[in-house]
Amino acid sequence: QVQLVESGGGLVQAGGSLTLSCVVSGSINSINFMGWYRRAPGTSREWVASSANGAQTNYADSVKGRFTLSRDNAKNTMYLQMNSLKPDDTAVYYCRARNLLSSSDDYWGQGTRVTVSS
């Protein structure tokens, strides 16, 4: 089992910045993919950014150039640095960890809410 705990959400004005954190614990040796997703009010969850071991980080077009995913393996923590925030970025943000070779090894955090005011 793998546990994910997000933090860092909050209320910020448009143009501001926030950094989200996702601490991973448990049987992490099987994890080879980590990513951030979000669900805005009244919409379905969408992919934001992700990183697979040994591969480059990829971003949704809507956040490219503004958001940066990083990982501190020593701390078992993934971050999402969000700059130039827009009201459209308002959502609950979730981190995900999975084993790309096993559909049963797929874990989600509880989410952290980000609200961007105009």
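This is a predicted model: local features need pLDDT of at least 70, side-chain atom pairs count only at pLDDT 80 or more; totals for chains, interfaces and linings use all residues.
Start with the charges: the chain has 11 positive and 8 negative ones, and their mean positions sit 1 Å apart.

Residues are numbered from 1 along each chain as its sequence is written, and side-chain values use heavy atoms, with hydrogens and water left out.

Now the fold. The chain has eleven strands and zero helices, so reading along the sequence gives β-β-β-β-β-β-β-β-β-β-β, where strands (E, at least two residues) and helices (H or I, at least four) are DSSP runs numbered from the N terminus. The radius of gyration is 14 Å, close to the 13 Å that the globule rule gives for 118 residues, so the chain is as compact as a globular protein of that length; the radius is taken over C-alpha atoms, and the rule is 2.2 Å times the number of residues to the power 0.38. Along its principal axes the C-alpha trace spans about 40 × 25 × 25 Å.

Of the 118 residues, 45% count as buried (under 20% relative accessible area, with exposed meaning over 50% and partly exposed in between, using a 1.4 Å probe and protein chains only). The chain exposes about 6200 Å², and carbon and sulfur atoms supply 46% of that; these areas come from the Shrake-Rupley method with a 1.4 Å probe. As for contacts (heavy atoms within 4.5 Å), 54% of those between residues at least 6 apart in sequence join residues at least 24 apart.

For a look inside, go to Tyr 37 in strand E4 (residues 33–39). Tyr 37 is buried, at 10% relative accessibility. Beyond its neighbours within four places in sequence, its contacts include Trp 47, Val 92, Tyr 94 and Trp 108. The Tyr 37 side chain also makes a polar contact with the side chain of Arg 96, at 3.0 Å; the term covers a pair of N or O atoms within 3.5 Å, where within protein one must be able to donate a hydrogen and the other to accept it, and residues adjacent in sequence count only if both atoms are side-chain atoms.

Next, the loops. Ala 14 lies between strand E2 (10–13) and strand E3 (18–26), and is partly exposed at 40%. Leaving out residues up to four places away in sequence, Ala 14 touches Leu 85, Pro 87, Val 116, Ser 117 and Ser 118. Its C-alpha is 12 Å from that of Val 114, which is 100 residues away along the chain.

Val 114 and Val 116 turn up again among the residues that Thr 90 touches, along with Ala 40, Pro 41 and Thr 115. Thr 90 sits in the loop between strand E8 (77–82) and strand E9 (91–99), and a polar atom of its side chain lies 2.9 Å from the backbone oxygen of Pro 87.

Finally, some backbone angles. Most residues other than glycine have a negative phi. Asn 76, in the loop between strand E7 (67–72) and E8, has a positive phi near 50° and is partly exposed at 32%. Ser 84, in the loop between E8 and E9, also has a positive phi near 50°, and at 41% Ser 84 counts as partly exposed.

Definitions and conventions:
Lys and Arg count as positive and Asp and Glu as negative; His and the chain ends are not counted. The place of a charge is taken as NZ of Lys, CZ of Arg, CG of Asp or CD of Glu.
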